[in-house]
Amino acid sequence: MGQARGEVMSRSYRTGVALESPGQNQLCLISQDEPVMVSVDLLKHADSPRLAGESAEHIRALADMDSALPPILVHRRTMRVVDGMHRLRAAVLKGQREIRVRYIDGADSDVFVAAVRANIGHGLPLSLADREAAATRILSTHPQWSDRAIAEAAGLASTTVARIRNRTTDRDSQPDMRIGKDGRVRPINGAAGRRLAGRLFAERPGASLREIAEMAGISPATAKDVRERLRRGEDPVPAKLTLAERKSEAAARGDGRDAPVVSALRKGREPDADQILRKLLRDPSLRLNDNGRLLLRWLTTRSVNTQEWEGIEDEIPAHCVPLVADLALGLAYEWERFAEVLKRRARAEMA
């Protein structure tokens, strides 16, 4: 039993540690030299993303293993453990005075990101609270990273990172551009990037799509769409993006006419869609008339939550992505119009 557990745990430490920034640029440099033996007395406690510290049970399990564990990762300048505090504690528990070390170089803030990535990649997994706390810290040190880039580093959903960003950071202090997972720099406001591209096409008619895209901070595909819209005499910004921009501006102003979901998120909570749907499905005033049953069918068949769509977006064929996105936005727009009608009715009845 102990041997089998040891084999599983040993295998869990064989995963490589990704220490790169968005776009696969090197964030920290890990020494390519052979690991060196370092006195345990010279090593400092990790700047760990674990809120509760080390697990005594995990330390004992590692100490019981007969096979050699991989070297720990140590920040050369500070001698602080980046990855491997459990292995260090296990070595001390076994009476070892030295441990194999591989050094890493980089800024303190970048080394913390490396520690988070290392701890979600192998060994004892970080808890959700650990990962959310880590994302909060990364947002403070790397605000220019996109929600998806930080989510990848912290092992979270991008929607979770977006909520943390909205809750913990000042909107006005955020950079206008963000670095995505692919390393590209893009404006936070997609509408602004499209408008800039529209002006650049007028000013530089001979410029290529790639040149315009780079100057406007948008993708070449978006630049092509802007060019086609201009040729047709249309606004370079689709109506759905204009609508999203206005909603974002209203939310930033604290406009009381925000949709209920936006108001709920501002208060740090999310409506429980499943609970609301179950309550409506039990309501006889809806179940016992035709229009009520029609509404319930709409709500049942056309609703989706984060747990359902997360992961699906990566499996959609590339040629279908724009169509699915447009359809989803169209449905969202119609639901928003329906919600506005209901809100006006509610306000009128309360007056």
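Visitor: How do H5 and H6 sit to each other, parallel or oblique?
Guide: In this predicted model, the axes of helix H5, residues 128–141, and helix H6, residues 147–154, cross at roughly 135 degrees, and H5 and H6 are therefore oblique to each other.

Visitor: And within what distance do the axes of H5 and H6 come?
Guide: The two axes come within 9 Å, and the crossing in which H5 passes H6 is right-handed.

Visitor: Which residues meet there, H5 against H6?
Guide: From H5 there are Arg-131, Ala-135, Ile-138 and Leu-139, and these meet Ile-150, Ala-153 and Ala-154 of H6. Sorted by class, this contact of H5 with H6 has six nonpolar residues and one charged residue, with no polar ones.

Visitor: Switching topic, how many residues has the largest nonpolar core?
Guide: That core has 17 residues, and those with the most contacts inside it are Val-116, Ala-135, Ile-138, Trp-145, Ile-150, Leu-156 and Val-161. At least two residues of this core come from each of helix H4 (108–121), H5, H6 and helix H7 (158–168).

Visitor: Which helix gives the most to this core?
Guide: H6 does, with five residues.

Visitor: What is Val-161 in contact with, leaving aside neighbours within four places in sequence?
Guide: With those neighbours set aside, Val-161 is in contact with Leu-139, Asp-147, Ile-150, Ala-151 and Leu-156.

Visitor: What lies apart from this core?
Guide: Another core, of 14 residues, lies apart from it, and its members include Val-74, Val-81, Met-85 and Leu-88.

Note on methods: Residues numbered from 1 in each chain as written. Predicted model: local features only at pLDDT ≥ 70, side-chain atom pairs only at ≥ 80, totals over all residues. Heavy atoms only, no water. Axes fitted to C-alpha atoms, helices over the stretch in contact; angles between N-to-C directions. Helix = DSSP H or I, 4+ residues; strand = E, 2+ residues; numbered from the N terminus. Parallel < 35°, antiparallel > 145°, perpendicular 65-115°, else oblique. Left-handed = near helix turned anticlockwise from the far one by under 90°. Contact = heavy atoms within 4.5 Å. Nonpolar A, V, L, I, M, F, W, Y, C, P; charged D, E, K, R; others polar. Core = buried A, V, L, I, M, F, W, Y, C linked by side-chain atoms within 4.5 Å. Buried < 20%, exposed > 50% of the residue type's maximum accessible area, 1.4 Å probe, protein only.
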